[in-house]
Amino acid sequence: MLKILWILVGLNAIALIVLIIYYYADTSDRNADAIESGWFYVLVIVGLLVLLLGALPLRYGHSTFSQVVGGFFAALPLVIGLGILISNNLPSFKKEKTEAETYYKDKKQIAIASAIENNNTILLKELIKEQNLNIQGIEVWGWPGLNYLQFAVRLKSNPELIRILIANGSDPTPALDEATQYLPPDIIADFLAAGANPNVHSLIDGYPVLFRTIGKSNKRENDIAILLIVSGANVNAKRENGFTPVMFAAYEAGTNVEWNDTWRVVRYLLEDSNADYNYTTSDGYNLTNIIEKIIVDAQAEKITMPLDFDKVELLLKQHNKDTMPAMEN
């Protein structure tokens, strides 16, 4: 029996050495991040401890208890390995919950959610007849339960299915924040037309959803920002640092040429939405000095700003806002 336990200790040592060699071979042509490296070293340390706890009692212990302790730690890696192998191959272990089963508990709710998960619009139309589409599912990972429209957005379901849920009364407001991150503008327009509140606050950062779409680099999100503004989003809402939407968008865009389309939103906020261009934060920031700094940076970086930026600068000048950088003596 003692020989068998020593064989297990030897196999564990070989396995640990192979793991170390494999790791360094795998990362030789790439930079492993700190998290990956950290967990690897933790695993190696745990492996060494298990080896020592298996070998030392067998080598220096003379009692039955010592052999039991050594045998336990010698066999532990084998037991864990077999457990993983069994769980990955037996059908009863391999079955995982569907998304519908994760987010809902009631059988009828799971059936509706399953139709959404499988993008089965025909079945969905049948299942939702005379059903309350605004029930909330169960809490998942500490987050509140989802209504069916939120669930469909979470799964990035097809537009037809989302429109079916909206048309049948699923409240669009709770789903709007997440929808702005994934869905095209025409679907967001459907949310807003169905009564979604454009001033809903995001669960992610607590700010109005407008802040989640402005100051972005792509046309889709800028189009959605304008849709929210047209639908009544508060254009003078403030972040924790006091920045309003127009200040935030200008500050985030800066001189980055990939964010040129953002200046279209800044211009729209000023020309068509009566955004407050006079407001100054407690730290002294305002739109004028943000634009002034961007002009200085653009000159230093030899960047030609887009036409929409020039229009913003002109509009501020027309309102007696001096954006010209101060001349150095």
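(Ala, Val, Leu, Ile, Met, Phe, Trp, Tyr, Cys and Pro count as nonpolar, Asp, Glu, Lys and Arg as charged, and the others, Gly among them, as polar.) A pocket here is an open set of points on a 1 Å grid over the protein atoms alone where a 1.4 Å probe fits, with protein on both sides within 12 Å along at least five of seven lines; lining residues have an atom within 4 Å of a point.

This is a predicted model, where local features need pLDDT of at least 70 and side-chain atom pairs count only at pLDDT 80 or more, while totals for chains, interfaces and linings use all residues. Residues are numbered from 1 along each chain as its sequence is written, and side-chain values use heavy atoms, without hydrogens and water.

| Pocket | Volume | Lining make-up |
|---|---|---|
| Largest | about 390 Å³ | nine nonpolar, six polar, four charged residues |

Leu 11, Asn 12, Leu 16 and Val 46 are among them. In H1, Asn 12 and Leu 16 are also among the buried residues (under 20% relative accessible area with a 1.4 Å probe, protein chains only).

As for the largest pocket, domain 2 (96-173) and domain 3 (198-328) both contribute to the lining, so it sits between them. H10 (173-182) gives the largest share, seven residues.

How values were computed
Buried means under 20% relative accessible area, exposed over 50%, partly exposed in between (1.4 Å probe, protein chains only). Helices (H or I, at least four residues) and strands (E, at least two) are DSSP runs, numbered from the N terminus. Grid points are joined across faces, edges and corners, and a volume is the space filled by probe spheres set on the points. Domain bounds come from an automatic or database domain assignment.
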